[in-house]
Amino acid sequence: MKKSNSTINFHSKLIWLSKLYKFKVVEEYLFDINRKFRIDFFLPEFNVGIEYEGIIASKSRHTTVDGFSKDCQKYNLATIAGIRILRYTALNEADLHTDLQKIGVEAIKSLDIFNGLCKDWNPNK
């Protein structure tokens, strides 16, 4: 599946933050072997999954009844397994740093973030 520019930017930002503040991010984390459900990003130290929803695209599996229902099943199974899920789109990804603070990524508190972007963040580095 081809990733949109907003998905790539979100991915780059999360990976950059994880390296800067030394927390682990597992991409495409398989949490349910029987259903083969994966979480976009998993932070094992915090038992948190991060999903970036592709609803902005004109054709998205997430906007069909079947796709949305499968996402609901996935999120329910993750919750039953004890994994907290944070969900983002291009419209709310600026909340990432605040949400990471709330789950205990204490180092994120010292970040100077304006309008959802780190002042030193450069996706080309």
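Let me begin with the packing in this predicted model. Helix α2 lies across β1, β2, β3 and β4, and runs at about 55 degrees to β2. A further helix, α3, comprising residues 96–103, packs on the sheet as well, where it touches β2, β3 and β4. The direction of α3 makes about 170 degrees with that of β4.

I turn now to the sheet itself. It is an open sheet of four strands, in the order β1-β2-β3-β4, with mixed pairing. β1 and β4 stand at the edges with a single partner strand each, so one side of each has no neighbour in the sheet. From one strand to the next, the twist averages 45 degrees. Between β3 and β4 the pairing is parallel, over five bridges. As for Glu51, its bridge partner in β4 is Arg87.

Let us return to α2, which spans residues 65–80. Its 16 residues reach 22 Å from the first C-alpha to the last, close to the 22 Å expected at 1.5 Å a residue.

Which residues of α2 are buried? They are Gly67, Asp71, Lys74, Tyr75 and Ala78. These residues lie on the same side of α2, because they cover an arc of only 95 degrees around the axis. Their cover includes β1 (26–32), β2 (37–43), β3 (48–52) and β4 (84–88). On the other side of α2, by contrast, Val65, Thr79 and Ile80 are exposed.

Finally, α2 is followed by Gly82, which has a positive phi, near 90 degrees. Thank you for your attention.

Conventions
Residues numbered from 1 in each chain as written. Predicted model: local features only at pLDDT ≥ 70, side-chain atom pairs only at ≥ 80, totals over all residues. Heavy atoms only, no water. Helix = DSSP H or I, 4+ residues; strand = E, 2+ residues; numbered from the N terminus. Expected span 1.5 Å × (residues − 1). Buried < 20%, exposed > 50% of the residue type's maximum accessible area, 1.4 Å probe, protein only. Arc of directions from axis to C-beta. Contact = heavy atoms within 4.5 Å. Pairing = 2+ DSSP bridges. Axes fitted to C-alpha atoms, helices over the stretch in contact; angles between N-to-C directions.
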